[in-house]
Amino acid sequence: MISALVLAGTRPGGDPFARELGVAHKALIELAGKSLLQRVVEALYAAGIERVLVSTGEGPVAVLARELGAETIAPRAGPSGSVAAAFEHLGAPMVVTTSDHALLRPEWICELIDKTPENADLSVMLAERGVVEKAMPETRRTYLRFADGHWSGCNLFYLQTPTARSAIDTWSMVEADRKRPWRIAARLGPGTLFSMLLGRLTMAQGLSRLGKRIGIDAALVPASDGLAAVDVDKAADLEAVRALVGAAQEKASSPKL
């Protein structure tokens, strides 16, 4: 049985963007008549996930999560702490995503699971810049530059085996340095750092080396749809996503000739 964790914690004092929109939490932002949390939980169930756990404090998000059929668990310090607590609760295999993954689709979750090699303990879905810009040219993302392109995170992870537990302890380091990948490379030794600086290290190689450093097999799953890398962090993101979803609904409701 594959389970899933939805990270729905918030920073101390709340999220400024949520307050700007008059809601208590980003997970409660509405998109096409549904909250972001509802869209995420429904996508997970539609992908065949049998058990969903939402990491959040008591309040409206927890209430909604339980109404949607999910369980809840109190968040810990930082995403890595919350993932560790959930992994103790659920075990492997476990998909990890976030409550603001506004466009999450069942097929992306299935792609992550199906394309993870059998021998991998953990996999990460990332989208290459060309794929992202083809899907949504106007979006602005943070990219990691490697020999095989510029990559953006999709907030989709798959902890396939119990051994993946070793990676959670390293997660906090990656969180801190995610916008400065050379620091991550430096931690892996001078050979890895020089390969990256010289443009010789691919994203898959970087993940593999990071995995071996902490005693696991880690794999890259390239996203086939660049929209998997689109999240909602500011008003411009929400406006673009609402336009995209509105256009898709209009197309679906138009009579076929």
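Me: Why is Cys 110 called partly exposed?

Reply: This is a predicted model, so the value is computed from predicted coordinates. Cys 110 has 28% relative accessibility. Buried needs under 20%, and exposed needs over 50%. The value of 28% falls in between, so Cys 110 counts as partly exposed.

Me: Where does Cys 110 sit?

Reply: Cys 110 lies in helix 5. Its C-alpha is 8.3 Å from that of Gly 48, although 62 residues separate Cys 110 and Gly 48 in sequence.

Me: Is Cys 154 buried or exposed, and how do you know that?

Reply: Cys 154 is at 1% relative accessibility. The limit for buried is under 20%. Therefore Cys 154 counts as buried.

Me: Which residues of helix 10 are buried, and what puts them on the same side?

Reply: Helix 10 spans residues 203-213. Met 203, Gly 206, Leu 207, Leu 210 and Gly 211 are buried there. These residues cover an arc of only 135° around the axis, so they share one side of helix 10. Lys 212 and Arg 213, on the other side, are exposed. Just after helix 10, Gly 215 has a positive phi of about 85°.

Me: What makes a set of residues a nonpolar core, and which members of the largest one touch the most others?

Reply: Members must be buried, of a listed type such as Leu or Val, and joined through side-chain atoms within 4.5 Å. The largest nonpolar core has 49 residues. Leu 37, Leu 44 and Val 95 touch the most other members. Among the elements giving two or more residues are strand 1, helix 5 and strand 9. Helix 2 gives the largest share, six residues.

Me: Which residues does Val 95 touch, leaving out those up to four places away in sequence?

Reply: Its contacts include Ile 2, Leu 5, Leu 44, Ile 49, Leu 112, Ile 113 and Phe 157.

Me: Which residues does the second core include?

Reply: The second core is separate and has 27 residues. Ala 85, Val 96, Met 203 and Ile 216 are among them. Met 203 is also one of the buried residues of helix 10.

Me: How many residues does the chain have, and what share counts as buried?

Reply: The chain has 257 residues, and 49% count as buried. It has 11 helices and 10 strands.

Technical notes: Residues numbered from 1 in each chain as written. Predicted model: local features only at pLDDT ≥ 70, side-chain atom pairs only at ≥ 80, totals over all residues. Heavy atoms only, no water. Buried < 20%, exposed > 50% of the residue type's maximum accessible area, 1.4 Å probe, protein only. Helix = DSSP H or I, 4+ residues; strand = E, 2+ residues; numbered from the N terminus. Contact = heavy atoms within 4.5 Å. Arc of directions from axis to C-beta.
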